[in-house]
Amino acid sequence: MPENSIDRTPSSEVISVLNRLCEDPKNRVFIVSGRGKDELSRWFAPCEKLGIAAEHGYLTRWSRDAPWDTSGLAADFDWKKTAEPVMQLYTEATDGSYIEHKESAIVWHHHEADPDFGSCQAKELLDHLENVLANEPVVVKRGQHIVEVNPQGISKGVVVDSLLSSMVRTGKPPDFVLCIGDDRSDEDMFESIVCPASNSGVKLPASSEVFACTVGKKPSMARYYLDDTVDVVKMLDGLASAPSQQRSRPAVQLRVSFEGSL
């Protein structure tokens, strides 16, 4: 969905494309998101075979009716008692901001605040949290209009490693991997599949074709980019419409950007 959308609920077109991709038994489709499992479960309720990784992979399920698996890495959340009062100070000082509590994380949102002031406050909050949580097993990150505190060892890159490793262990290694994202946290996914040797990532077969694609032209670990979410849906629709034997490459040509690439 477009970044400036007030209602982020997936459109009927998005749901239809996802279901068409999921209907092919050769495909495994996952939504990897920082959002909570309840919201994602509600949004994608029509997608029976869609996998979901919520809260950056803290919670994962392989289909709508499968149980949620919880990461065993984060058991102690006492750090929230330190992080929340700090976030509350910035919430009181920033009109339009608010705090979101997740099972594994705590998030400060400022997308409804004044853009310049909200961005300035987010930078100060990031520095403040990194200082007071320096000895805690957490990571403080900025995203699109958010500052989020997550337990160490939980990221989109880690969960993608886990999902692909599970497929390899069960004798179903993917011959085609397409990973699309537009957020800073998605860079962890891109790095995981583009440079697996550098971060002990999953070892895919040498014949596997891997495509990391960011949304919008910007510095990224992804080699490919699409201009906006409209193009993302068009490409996924093209993949869903193509005969399965033609899916070794994306059905829609991606623009390759080398300018500013990491």
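**Stop 1: helices α3 and α4**

Select residues 80-93, helix α3, and residues 115-132, helix α4. The model is predicted. The axes of α3 and α4 come within 10 Å and cross at roughly 160°. Angles over 145 degrees count as roughly antiparallel, so α3 and α4 are roughly antiparallel to each other. The crossing of α3 past α4 is right-handed.

Now show the side chains where the two helices meet. On the α3 side, pick Thr-82, Ala-83, Val-86, Met-87, Tyr-90 and Ala-93. On the α4 side, pick Phe-117, Gln-121, Glu-124, Leu-125, His-128, Leu-129 and Val-132. What kinds of residue make up this contact of α3 with α4? It divides into 9 nonpolar, 3 polar and 1 charged.

**Stop 2**

Color both by accessibility. Lys-123 is partly exposed, at 49% relative accessibility. Asp-127 is partly exposed too, with a relative accessible area of 40%.

**Stop 3: Lys-37, Asp-38 and Glu-103**

Next, select Lys-37, Asp-38 and Glu-103. Salt bridges with shared partners join these three into one network. Zoom in on Glu-103 and Lys-37. Their side chains form a salt bridge, with N to O at 3.9 Å.

Where do the two partners, Glu-103 and Lys-37, lie? Glu-103 lies in the loop between β5 (98-101) and β6 (106-109). Lys-37 lies in helix α2, residues 37-43. The pair therefore ties together parts that are 66 residues apart in sequence. Glu-103 counts as partly exposed, at 41% relative accessibility.

**Stop 4: Lys-81 and Asp-78**

Is Lys-81 buried or exposed? Lys-81 is exposed, with a relative accessible area of 65%. Asp-78 counts as partly exposed, at 47%.

Why look for such pairs at all? Side chains of opposite charge can pair when their charged atoms come close. In this model the count comes to 10 salt bridges.

**Stop 5: the loop between β2 and β3**

Now select Glu-55 and His-56. Glu-55 is found in the loop between β2 (51-54) and β3 (59-61). His-56 lies in the loop between β2 and β3 as well.

Check the backbone angles. Phi of Glu-55 is near 50°, a positive value in a residue other than glycine. His-56 has a positive phi of about 60°, although it is not a glycine.

Then check the surface. His-56 is buried, at 9%.

**Last stop: the whole chain**

Zoom out and show everything as a cartoon. How many helices and strands are there in the chain? There are 7 helices and 12 strands. Switch to coloring by accessibility. Of the 262 residues in the chain, 46% are buried.

Finish with the contacts. Take those between residues at least 6 apart in sequence. Of these, 52% join residues at least 24 apart.

How values were computed:
Residues numbered from 1 in each chain as written. Predicted model: local features only at pLDDT ≥ 70, side-chain atom pairs only at ≥ 80, totals over all residues. Heavy atoms only, no water. Axes fitted to C-alpha atoms, helices over the stretch in contact; angles between N-to-C directions. Helix = DSSP H or I, 4+ residues; strand = E, 2+ residues; numbered from the N terminus. Parallel < 35°, antiparallel > 145°, perpendicular 65-115°, else oblique. Left-handed = near helix turned anticlockwise from the far one by under 90°. Contact = heavy atoms within 4.5 Å. Nonpolar A, V, L, I, M, F, W, Y, C, P; charged D, E, K, R; others polar. Salt bridge = Lys/Arg side-chain N within 4 Å of Asp/Glu carboxyl O. Buried < 20%, exposed > 50% of the residue type's maximum accessible area, 1.4 Å probe, protein only.
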